[in-house]
Amino acid sequence: MPTQPPASLAAAVVLAAGAGTRMRSATPKMLHPLGGRTLLGHALTAASATGPGRLAVVVRHQRDLVAAHVTEIDRAAELVDQDEIPGTGRAVQCALEALDAPEPLEGPVLVMAGDVPLLDAGILSELAAAHAAEGNAITLLTATLEDATGYGRVLRSGGQVTGIVEERDASAEQRAITEINTSTYVFDAAVLRWALRQVGRENAQGEVYLTDVIALAHAEGLSVRALQVEDPWAVEGVNDRVQLAALGAELNRRTLEGWMRAGVTVVDPASTWIDVTVELAEDVTLAPGTQLHGTTTVGAGASIGPDSTLTDCEVGERAEIIRTHGTGAVIGADAVVGPFAYLRPGTALGVGGKIGTFVETKNATIGDGAKVPHLSYVGDAEIGEGTNIGAASVFVNYDGVTKRRTRVGRHARTGSDNMFVAPVTVGDGAYTGAGTVIRQDVPPGALAVPESGQRNIPGWVQRKRPGTPAAEAASHALSPQSDSTTTDDVDRGAHER
């Protein structure tokens, strides 16, 4: 039997082997996103933050997908495969067997489910501290709910926890209990190892229940106590998409409240969504319809929205982003973007720069003070500081085989409706005329104009579009009576005199 356990966690075990059939999804339940992380990502983040000596994740359903995700999050996490024997008890037993190498594990072991996204490191650390302070063999996290349907009920006697009964195995009297098991525990490793060897499968599910360890330990006279959490949301699990949405909304509410208390203005919390991985500075303003995802960071005094979605973007101080969709973009301080701009990965806008209305950018560096104000596509390009790109310009970056780059120098002025056929360079201080197709380099300070002048083809409309309103209007304008005024205009003028 175990002695007094140390205060620190020897290991943490995250259970992620379940099929999650109620999600009705080709995606493993553990990989469904919520607030910028997957369900499993939230669990691993919380477990890691408690500082365990080792971290193990038990996998089985869609094993390769889940395992790859675990490795992506934490390369130090140990992957443990559950065998064909069902049940959480067997999952933990497989984990303990892996953790017992190269020598038997000693000390407290945290065990938690991988689908409880609001359970944070603070609560887990409190549970571990209570376990150590009380010298318990087992300490479990419980909560009291008005409606405990679906949960295992906690059985007590004189303050000690005597067991847990799953709802399917519970009597009517036991179902009336409102204290529920949250599937979060700290076990002494020796107790856990001993008890799991005793657990059978004589239950309604035919599974190895981890909860049976509680009654076995109590029967041995070991100390089994519970820490009750006051926040029921913190221990709410996800079993279907309805619960996923409810927990997502609650997580977002908490995230927004935290940022508002830190000095961020959120005009309409009901329509604003921020991932837990986003970082905001003081005096940021988020207008209605704003969504910030991934690793997005926003500098002090910047304003985002309305109706803007930024993913993995960096926004500088005092920048203004209006009705914009951006991914993987860097926006400099005091820059202005939008409305109706589309920033694709690789976009970098300099200090005081502008990407304006109906402009799309991709893999483009736009220098300090440079502007692309209207109706343009800038792909695979470098635009120097202080340059202005005329309206309706297209950087023609793809020849059907290879994508190439265009370079426009500093303080250049390009005309409206230009086509920059890459690879091409426009020098510093150069100008281009409206409607120019730039196929050759433009030297610094030069003016590039269309290769040929305008040519008119008289009578084309009447010949090629006879009977149309355009043809009738042209014929009328060219008739002898319609120099600059019509007969009606002349008569009207005579009458007025």
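## Backbone features in loops

Pro423 sits in the loop between strand E35 (419–421) and strand E36 (424–426), where helices (H or I, at least four residues) and strands (E, at least two) are DSSP runs numbered from the N terminus. The peptide bond that joins Ala422 and Pro423 is cis, with omega about 0 degrees. The model is predicted, so local features need pLDDT of at least 70 and side-chain atom pairs count only at pLDDT 80 or more, while totals for chains, interfaces and linings use all residues. Residues are numbered from 1 along each chain as its sequence is written, and side-chain values use heavy atoms, with hydrogens and water left out.

A cis peptide bond also runs from Ala101 to Pro102, with omega near 5 degrees, and Pro102 lies in the loop between H3 and strand E6 (108–113). Asp307, which is not a glycine, has a positive phi of about 55 degrees, and this residue is found in the loop between strand E18 (303–304) and strand E19 (308–311). As background, most residues other than glycine have a negative phi, and most peptide bonds are trans.

## Helices H1 and H2

Helix H1 (residues 39–49) and helix H2 (residues 63–73) have axes that come within 11 Å and cross at roughly 40 degrees; axes are lines fitted to C-alpha atoms, for helices over the stretch in contact, and angles run from 0 to 180 degrees between N-to-C directions. H1 is therefore oblique to H2, given that angles under 35 degrees count as roughly parallel, over 145 as roughly antiparallel, 65 to 115 as roughly perpendicular and the rest as oblique. The crossing of H1 and H2 is right-handed, a crossing being left-handed if the near helix is turned anticlockwise from the far one by less than a right angle, and right-handed if clockwise.

On the H1 side the contact (heavy atoms within 4.5 Å) is made by Leu40, Gly41 and Leu44, and on the H2 side by Val66, His69, Val70 and Ile73. By class, this contact of H1 with H2 has five nonpolar, two polar and no charged residues, where Ala, Val, Leu, Ile, Met, Phe, Trp, Tyr, Cys and Pro count as nonpolar, Asp, Glu, Lys and Arg as charged, and the others, Gly among them, as polar.

## Helix H6 and its partners

Helix H6 (residues 189–196) packs with helix H7 (residues 212–219) at an angle of about 105 degrees, the axes being 10 Å apart, which makes H6 roughly perpendicular to H7. Val191, Trp194, Ala195 and Leu196 of H6 meet Val213, Leu216 and Ala217 of H7, and the residues of this contact comprise seven nonpolar, no polar and no charged.

H6 also packs with H3, at an angle of about 125 degrees and with axes 10 Å apart, and H3 and H6 are therefore oblique to each other. The crossing in which H3 passes H6 is left-handed. Gly89, Val92, Gln93 and Leu96 from H3 meet Ala189, Leu192, Arg193 and Leu196 from H6, and by class the contact of H3 with H6 has five nonpolar, two polar and one charged residue.

## The two largest pockets

The largest pocket holds about 1,700 Å³ of space. On a 1 Å grid over the protein atoms alone, a pocket is an open set of points where a 1.4 Å probe fits, with protein on both sides within 12 Å along at least five of seven lines, and lining residues have an atom within 4 Å of a point; grid points are joined across faces, edges and corners, and a volume is the space filled by probe spheres set on the points. Of the 50 residues that line the largest pocket, Arg22, Thr88, Asp115, Ser183 and Asn239 are the closest to its centre. Strand E1 (11–16), helix H3 (88–99) and strand E10 (179–188) each supply at least two residues of this lining, and E10 gives the most, with four residues. The lining of the largest pocket divides into 18 nonpolar, 19 polar and 13 charged residues.

About 270 Å³ of space lies in the second largest pocket, and Thr436, Val437, Ile438, Val449 and Glu451 are the closest to its centre among the 13 residues that line it. Strand E38 (437–438) and strand E39 (447–448) each contribute at least two residues to the lining of the second largest pocket, which by class has seven nonpolar, three polar and three charged residues.
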